[in-house]
Amino acid sequence: MLDCAIIGGGPAGLTAGLYTTRGGLDDVIMFEKGMPGGQITSSSEIENYPGATAHNLSGMDFMIPWLEQCQRFGLKHEMSEVTRVSRNEDGTFTIHKSDGSTNTAKSVIVATGSTPKRAGFIGEDKYFGRGVSTCATCDGFFYKGKEVAIIGGGDTAMEEALYLAKICTKVYIIHRRDTFRSAPNTIERVKMTPNIEILLNASPQEVLGDAMGVTGIRVVFKDGLTRQIDAPGLFVFVGRDVNNQVLIQDDGSFLCEMNDAGEVIVDISMNTSVPGLYATGDLRIAAPKQVVSAAGDGSVAALQAIAYVDKISHR
Amino acid sequence: MGKYVELTASNFEEITKEGVALVDFWAPWCGPCRMIAPVIEELANDFEGKANICKVNTDEEQDIAVKFGIRSIPTILFFKNGEMVDQMVGAASKQAFTDKINSLL
């Protein structure tokens, strides 16, 4: 039986792994279907993690040492996809995996993060991967010397617009409001970039494409006017959906209490409504969706898990 | 220990023309590509002698990427006897890739 099972290998899961193992739990597995690192590895630049001051530090380079650090203290990484976490009668948990095998654990830290949302315009799903993308560092390369459009107006949209503006001849930002909620410093840099054109009060209506993929997009403005933009690449940054699937039970209910948005309700110590089960990072209520706060959550949950395992082991 | 095959313009056809092949289009700067890299290595071991598990570095082999209309990475194409029969875009679990290959064998 594991002392602790960690589901997910982003900043929250990795920090939970570091703190549980370094804090004395012997048998801890972090389940992550591939190489750990999380969503930040798709980010072109990280400049808001305290102490990480290297110029142009990519999310991927930033995350490389995290796993190595955890493994030094005995964290095991299992490359399996967890399909469900269930609770047993004795209060322990069963981790169900996609290959049909299971593990049991005294405590579970869920750190499954979130997935980029689709914006919901016509043709988005049809052309996903054929011109519609949610990762500028991955796919910007295919639009070198071409024009691209970005859907969204948050931090990610602004930061990735700056990245794409260095590769592409022109970047259109299609934003449904007339104000931005991104960091003022980033907005200023976007406005100062000559090859970025901002379309405010504008929503994507339909992707235009042919057999080879996207050729452009039709945009509709609040006043009803439309405009066609000929760009082979469309990058969608309109927020994220939380990955709560592992908490869904056979009867369709959730293992613990959730809010209407599908986020896990936790207290300030990352306790869920189920003893021994913790939720961290993007998955929890009121998540700031930042690497530093996800890492903080991971440490808080780990300290709770250590105390919990200690308590039930000496009962 | 099985090893994946690094495909280039010169060996692509030769390797994919017979049997089942999984071809992972990736690049060094792509986070999700890096995420599935160890999965691809395990698949190469699991399917040794049964299917060809291959990778194309799209940074170095742009002609192959253009030929197959690759615009997002990772994109994973599945070939059977030289014909492209299926594709997956984005990172997925080892189980998902395994099931897909088994369905073609």
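A disulfide is taken here as a pair of cysteine sulfur atoms within 2.5 Å. The structure is a predicted model, in which local features need pLDDT of at least 70 and side-chain atom pairs count only at pLDDT 80 or more, while totals for chains, interfaces and linings use all residues. Residues are numbered from 1 along each chain as its sequence is written, chains are lettered from A and ligands numbered from 1 in the order in which they are written, and side-chain values use heavy atoms, with hydrogens and water left out.

By this criterion, two disulfides are found over all chains. In chain A, Cys135(A) is bonded to Cys138(A), with 2.2 Å from S to S. The link between Cys135(A) and Cys138(A) is right-handed, with 70° about the S-S bond. Both Cys135(A) and Cys138(A) are buried, where buried means under 20% relative accessible area, exposed over 50% and partly exposed in between (1.4 Å probe, protein chains only). In chain B, a disulfide connects Cys30(B) with Cys33(B), again with 2.2 Å from S to S. This disulfide of Cys30(B) and Cys33(B) is right-handed because the torsion about its S-S bond is about 80°. Cys30(B) and Cys33(B) are buried as well.

Strands of a sheet pair through backbone hydrogen bonds, either parallel or antiparallel. In chain B, five strands make up an open sheet of mixed pairing, in the order β1-β3-β2-β4-β5. Its edge strands, β1 (5–6) and β5 (83–89) of chain B, each pair on one side only. Helices (H or I, at least four residues) and strands (E, at least two) are DSSP runs, numbered from the N terminus, and two strands pair if DSSP finds at least two bridges between them. Strands β2 (residues 20–26) and β4 (residues 75–80) of chain B run antiparallel and are joined by six bridges. Within this pair, Val20(B) stands opposite Lys80(B) of β4(B).

Helix α2 (residues 31–46) of chain B packs on the sheet and touches β2, β3 (52–57) and β4 of chain B, contact meaning heavy atoms within 4.5 Å. The direction of α2 makes about 160° with that of β2(B); axes are lines fitted to C-alpha atoms, for helices over the stretch in contact, and angles run from 0 to 180 degrees between N-to-C directions.
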